[in-house]
Amino acid sequence: IDMIIIILILLIQKCSLILHPLSPQDPRRESLRNWLLLTRKAHVFLSRVTATEMKKMIILMINVMMILLVNAESIDKPINVRPNVDESGVSVELKGTKCTFKYKCTGGTNEQWTMTINDDDGPISCFIGRPNPPSYLLFSEFEVTMSGNTIANTEVWDNSGVVLVGDQYVVDGNSVKSAAGWGKTLALVTVFGSK
């Protein structure tokens, strides 16, 4: 029975990472670490539970897993960020919310970035970033627009893994863009919608 529980816990963790892969700068990484610690504590607790109680918990966990897999939606779109090119914008859409990333940058070569839009039965969120930071491009400007939704919260990260303060970017209704004090290094932009 202990082995079944360990396998189910690992399966849940694997499904979670498949549905929502996390970059090193992703703020949800700390939540995942806390969840992994909780699963270890749960294993100690479950080792003291009777076989009948264990069967009931396993059935409940399978049902919860199925609900999470059915309700969670995520779309990942690889983007080729090119220096010295005026981009009209790269977009990804889910459930009537469209995230668009516009930028101007300089640098030596193209970089592969990822745009992700998530709906986990909560507010829709968009993540735009380089999966393997740091970025060697310098962004003279950027803008992320969330049409069909209003931005409730946002985080902008630089190459050193620091969340930037509001004087480097401006949030205006359904967009976040670089401000006059913009530092030009960008690794990740996270935007959470109000619905």
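**Close-up views of a predicted model**

**View 1. Aromatic pairs in the predicted model.** The structure holds six aromatic pairs. Rings of Phe, Tyr and Trp (its six-membered ring) pair if their centres lie within 6.5 Å; planes under 30 degrees apart count as stacked, over 60 as edge-to-face and the rest as tilted. One of the pairs is stacked: Phe101 and Trp113, 6.3 Å centre to centre, with 15° between the planes. Phe101 lies in strand β3 and Trp113 in strand β4, so this pair ties together parts 12 residues apart in sequence. Phe101 is buried at 0% relative accessibility. Trp113 is buried too, with a relative accessible area of 1%. Buried means under 20% relative accessible area, exposed over 50%, partly exposed in between (1.4 Å probe, protein chains only). Tyr103 and Phe139 have ring centres 6.0 Å apart and planes at 70°, so they are edge-to-face. Tyr103 sits in strand β3 and Phe139 in strand β6, so the pair ties together parts 36 residues apart in sequence. Both Tyr103 and Phe139 are buried. Phe101, Tyr103, Trp113 and Phe139 form one aromatic cluster.

The model is predicted: local features need pLDDT of at least 70, side-chain atom pairs count only at pLDDT 80 or more, and totals for chains, interfaces and linings use all residues. Residues are numbered from 1 along each chain as its sequence is written, and side-chain values use heavy atoms, with hydrogens and water left out.

**View 2. The largest nonpolar core.** This core has 29 residues. A nonpolar core is a set of buried Ala, Val, Leu, Ile, Met, Phe, Trp, Tyr and Cys residues joined through side-chain atoms within 4.5 Å. Phe101, Phe139, Val156 and Leu186 have the most contacts inside it. The elements that give two or more residues to this core include β1 (73–81), β3 (97–106), β6 (138–147) and β10 (188–193). Helices (H or I, at least four residues) and strands (E, at least two) are DSSP runs, numbered from the N terminus.

**View 3. The surroundings of Phe101.** Neighbours within four places in sequence are left aside here. Among the residues in contact with Phe101 are Ile79, Val90, Met115, Ile128, Phe139 and Leu186. Gly89 and Glu143 also touch Phe101. Contact means heavy atoms within 4.5 Å.

**View 4. A salt-bridge network.** Glu73, Lys95 and Asp119 are linked in a network of salt bridges. A salt bridge is a side-chain nitrogen of Lys or Arg within 4 Å of a carboxyl oxygen of Asp or Glu. Glu73 and Lys95 meet at 3.3 Å, N to O. Glu73 is in strand β1 and Lys95 in the loop between β2 and β3, 22 residues apart. Lys95 and Asp119 meet at 2.6 Å, N to O. Asp119 lies in strand β4, so its pair with Lys95 ties together parts 24 residues apart in sequence. Asp119 is buried, with a relative accessible area of 6%. Glu73 is partly exposed, at 31%.

**View 5. A salt bridge between buried residues.** The side chains of Glu111 and Arg130 meet at 3.6 Å, N to O. Glu111 lies in strand β4 and Arg130 in the loop between β5 and β6, so the pair ties together parts 19 residues apart in sequence. Both residues are buried. A search of the whole structure finds three salt bridges.
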